[in-house]
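My notes follow in the order in which I looked.

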Amino acid sequence: MKASQILRLIQINHVLAKHRLDEVIKAIHLLRPLRYLSFLSPNRWRKQTDLPRGERLRLALQDLGPIFVKFGQVLSTRRDLLPGDIADSLAKLQDKVAPFPAEQARALIEQAYDEPLDTIFAQIEHQPLASASIAQVHAATLIDGDEVVIKLVRPGIEPLIKRDIDLLYTLASFAERYWSEGKRLRPREIVAELEKNLFDELDMLREASSASQLQRNFEGTTLLYVPKVYWNLTKPSLLVQERIYGAPISDIAGLKAKQVNLARLAEIGVEIFFTQVFKHSFFHADMHPGNIMVDIEDPDNPRYIAVDFGIMGTLSPDDQRYLAENFLAFFNHDYRRVAELHIQSGWVPANTRLDEFEAAIRSVCEPIFARPLKDISFGQLLLRLFQTARRFNMEVQPQLVLLQKTLLNIEGLGRDLYPELDLWQSAKPILENWMKEKLGWKAAMKTLQQEAPHWAETLPQMPRMLHDLSQQAQQGKLHMNLSSKDLHQLQKEIRQASYRTAAATSGAAFLIGAAVIKGLDGYAPTMLGSLPLLSWIFGIWGGVLLYFSLTNRS
């Protein structure tokens, strides 16, 4: 471990001690050797803070930087795992991180443009609308009167992220080396995924393109609205978007006062998520309550408004199909199919006993069906699935980490909006329609249409290609390229075959010898039973050699 990383651990210990989070220090094994240093801190001898534990934890995460803030944002949606007071405090991390000075924000905006600000903006509000872990948002008005928001990357944030990412890589390496579950959970790959997402959030041009893509995907629908991007004003460290107005989705009391149909709102949220994942293969992966508002112009048919497109997820066609088939198998209680899919995908070893794996999955998942969401503990479900994963050596899939996080956020929103929502029944029709589109005759026709231009170009060349191939074969010029791995396997099989042939030949020779010795006169100086001893030796040895020649042993 580098000296800078040790210093960072000491700093983490100091921040936790500053906020009197002694129980957290004791729980983190790597910090236990450092906990005595906290007694040297002046904060230890100050008057005991009157702040509740949730507020102290929130302030500590805020002091520790953006990675810890992101961690707190995910935790804030897990009210089934956290006490209510802690969840309420961590929810403030979503849009109430301490802002950097407005003068500094204006200076950053001026640096981004080559012309005076008063030629672009009629007004830039001094007070920020929101201040998050990576960026800060200010409202503004353009010269033509359009209301916009300006999103600025926090100054000096990149070195801080690199520092903590390096520390996480070190901790992940220790986990892989010394923790029995480390290699299976692949923590280094998970840290790499986190690193990619954090640095993606620093690129405002990337976020603008993600917003434009999401807007096109939902164009013509009433499910989700995405604010317009002003491309001519957007820079690598600065994003300008249309300003939108809506009710915060976390303001349940306000939504009820406006007589918003919360049941419909919860169902739309599920539909948006599964549409993004399975229809578009492009989904908003930071859907905590601070990034979602609601258009309540029509209370019976509310509309979601999304903001903050720094973290977006994608799935490959194989991942899509695998997930869809798994979800449908879950919905249909076909746990054998779930087990088969896990084995076929290579997520569990090929030698896993299918019947045992099926029984384990059934014991975990059966209790979640035919029950309202409020009665389901997904925290306990995740815990039992993790125990099942350890039992069958199931590997964590880093490419699905974002999807797992988004599912957790969806569950948190569903619990808050409409506790009676049946998440599974709302999602099942969407998945069934997706499977029909992908696997039905319409999908086949669509594939034929897509491939037709390629076939039209390739088919006229096929006769000449076949003729050239046959000519090469007749002239002995057709060669096969084998990789070193293939050659090694071929050599191994030839060697084993030669061993078996030699063993079979030798065994047969010894058996014949035994029979010849017995057949000469049937008597020898040393007899065992009615056979000469040499016949016994030759016969037994010949039988052993024949046995090994008929098995796969070398």
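**Entry 1**

I note that the model is a predicted one.

I next asked where Asp286 is found. Asp286 sits in the loop that connects strand 8 (282-284) with strand 9 (292-295).

Which residues does Asp286 touch, not counting those up to four places away in sequence? I listed Lys70, Gln73, Asn291, Asp308, Ile311, Lys405 and Asn409.

**Entry 2: the sheet that contains strand 9**

I then followed strand 9 into its sheet. I recorded an open sheet of four strands, in the order 5-10-9-7, with mixed pairing. Strand 5 (224-225) and strand 7 (247-248) are the edge strands, and each of them pairs on one side only. Helix 12 (residues 262-280) packs on this sheet and touches strand 5, strand 9 and strand 10 (303-306). The direction of helix 12 makes about 55° with that of strand 10.

As a reminder to myself, strands of a sheet pair through backbone hydrogen bonds, in either a parallel or an antiparallel sense.

How do strand 7 and strand 9 pair? I found the antiparallel sense, over two bridges. On strand 9, Val294 is the bridge partner of Ala247, and Met293 is the bridge partner of Pro248.

I also examined strand 9 and strand 10, which run antiparallel and are joined by four bridges. In one of these pairs, Asp295 has Arg303 of strand 10 as its bridge partner.

**Entry 3: the annotated binding site**

I returned to the UniProt record, again an unreviewed entry, for the feature "binding site". The record places it at Leu129, Ala130, Ser131, Ala132, Ser133, Ile134, Ala135, Gln136, Val137 and Lys151. These positions are spread over 23 residues of sequence, yet they cluster in space, with a largest C-alpha distance of 14.3 Å.

I looked up two of them in detail. Leu129 lies in the loop between strand 1 (121-124) and strand 2 (130-131). Leu129 is partly exposed, since its relative accessible area is 41%. Leaving aside neighbours within four places in sequence, I found Leu129 in contact with Val137, His138, Ala139, Val149 and Arg243.

Is Ser133 buried or exposed? Ser133 is buried, as its relative accessible area is 5%. I placed Ser133 in the loop between strand 2 and strand 3 (135-142).

Note on methods. Residues numbered from 1 in each chain as written. Predicted model: local features only at pLDDT ≥ 70, side-chain atom pairs only at ≥ 80, totals over all residues. Heavy atoms only, no water. Contact = heavy atoms within 4.5 Å. Pairing = 2+ DSSP bridges. Axes fitted to C-alpha atoms, helices over the stretch in contact; angles between N-to-C directions. UniProt positions renumbered as here; feature names shortened; annotations may be inferred. Buried < 20%, exposed > 50% of the residue type's maximum accessible area, 1.4 Å probe, protein only.
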